[in-house]
Amino acid sequence: MVDEVLNIAKYDCNVVIQGETGVGKEKVLELIHENSSRRSEPCIKINCATINEGLAESELFGYEKGAFTGARSEGKHGYFEMANNGILFLDEIGSLPLHLQSKLLRAVQESQFYRIGGTTPVNINVRVIVASNVPLKELVEHGAFREDLYYRLNICTIDVLPLRERREDIVCLAEFFVNEWSKKYSINKKIGYDALRTLACYSWPGNVRELENVMHRLVIKSKGEMITELDVEQLIHSEGGKTGFPELRQASSDIGTHFDFHEFMDAQEKEIIAYAMEQAGTTRKAASLLGLPQTTFARKKLKHGL
């Protein structure tokens, strides 16, 4: 994959980076930027899921002075102008509303746009790189992403595999993170072979981001200079491994006790819905976070009284 990225970096084309949350899509972007002809120009990183929908157009394309009530008197440059001659990175591109996708298409296609309230086109020279944790082709098939914009952006696609599908990376990444955090805290922690083997057997649903978090915590919580297999097991299992389903373990060990699958799944669903709302703030963004239609998410939210 790195060889592919370094090759694509040389060609000044638009790129789609796809992969689950936490796999390292932004690291791929940095590799492209550092090895491209635009390396000395700005690389502006935007998460589309965090842009306020009502302000998204002005954030991307800017506005002229006096364009609307509350606008700055001097006007404002948008992200496209800030990234001029460099790279504009649009993370979670699939969460961009359809009406904005059409404006984005025109800007990418024609290398120009109009600021809000403007009558003179603004010419730009921007390499657009986008990222998505859901394959854009799937979003196109479900009507959530414009097909014409997909083909305009998808000159090259880089698929970043989840960590569970590249387990050989787990060991070198774990050792790297241990060394980095050891330097930060001016200590000399090492990690044992058995501990690395345990890490390599874990599924890593949070991918590299989760691995970095776990290694940081292991560096702090492990008592000796060597991080052991027991240290790893205790931390991982407390996060949802062996100790993650106490009701099921209780039912399997106690005679006469049964495990209510549907009740357990309802409780898990409620927790997930509540967490998504807390993280995203709106039902639209929370539904996007979970990969659900907004109507389905709203129905589940109502079901659990949230």
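Arg166 touches Val23, Val160, Leu161 and Val208, leaving aside residues up to four places away in sequence; a contact here means heavy atoms within 4.5 Å. This is a predicted model, in which local features need pLDDT of at least 70 and side-chain atom pairs count only at pLDDT 80 or more, while totals for chains, interfaces and linings use all residues. Residues are numbered from 1 along each chain as its sequence is written, and side-chain values use heavy atoms, with hydrogens and water left out.

Helices (H or I, at least four residues) and strands (E, at least two) are DSSP runs, numbered from the N terminus. Arg166 counts as buried because its relative accessible area is 14%; buried means under 20%, exposed over 50% and partly exposed in between, with a 1.4 Å probe and protein chains only. A polar atom of the Arg166 side chain lies 2.8 Å from the backbone oxygen of Leu161.

Glu74 sits in another loop, between helix H3 (56-61) and helix H4 (79-82). Glu74 counts as exposed because its relative accessibility is 57%.

**A covered strand**

Strand E3 (residues 87-91) is mostly covered, with five of its five residues buried. Ile87, Phe89 and Asp91 point one way from E3, Leu88 and Leu90 point the other way, and all are buried. Two strands pair if DSSP finds at least two bridges between them. Strand E2 (residues 43-47) pairs with E3 in the parallel sense over five bridges, and Ile44 stands opposite Leu88 in E3. Strand E6 (residues 127-132) also runs parallel to E3, joined to it by four bridges. In E6, Arg127 is the bridge partner of Ile87.

**A pocket and a cavity**

Both kinds of space are found on a 1 Å grid over the protein atoms alone: a cavity is a set of points where a 1.4 Å probe fits but cannot get out, a pocket is an open set with protein on both sides within 12 Å along at least five of seven lines, and lining residues have an atom within 4 Å of a point. Grid points are joined across faces, edges and corners, and a volume is the space filled by probe spheres set on the points. In the table, Ala, Val, Leu, Ile, Met, Phe, Trp, Tyr, Cys and Pro count as nonpolar, Asp, Glu, Lys and Arg as charged, and the others, Gly among them, as polar.

| Space | Volume | Lining by class |
|---|---|---|
| Second largest pocket | about 680 Å³ | ten nonpolar, ten polar, three charged residues |
| Largest cavity | about 30 Å³ | five nonpolar, one polar, two charged residues |

The second largest pocket has a volume of about 680 Å³. Of its 23 lining residues, Gly94, Leu139, Ala144, Ser288 and Leu292 are the closest to the centre. Helix H5 (98-110), helix H6 (136-141) and helix H14 (283-290) are the elements that each give two or more residues to this lining. H14 gives the most, with four residues.

The largest cavity is lined by Cys48, Ile51, Glu53, Ala56, Ser95, Leu96, Pro97 and Arg284.

**The whole protein**

The protein has 15 helices and nine strands, and buried residues make up 40% of its 306 residues.

Technical notes:
Polar contact = N/O pair within 3.5 Å; in protein donor to acceptor, adjacent residues only side chain to side chain.
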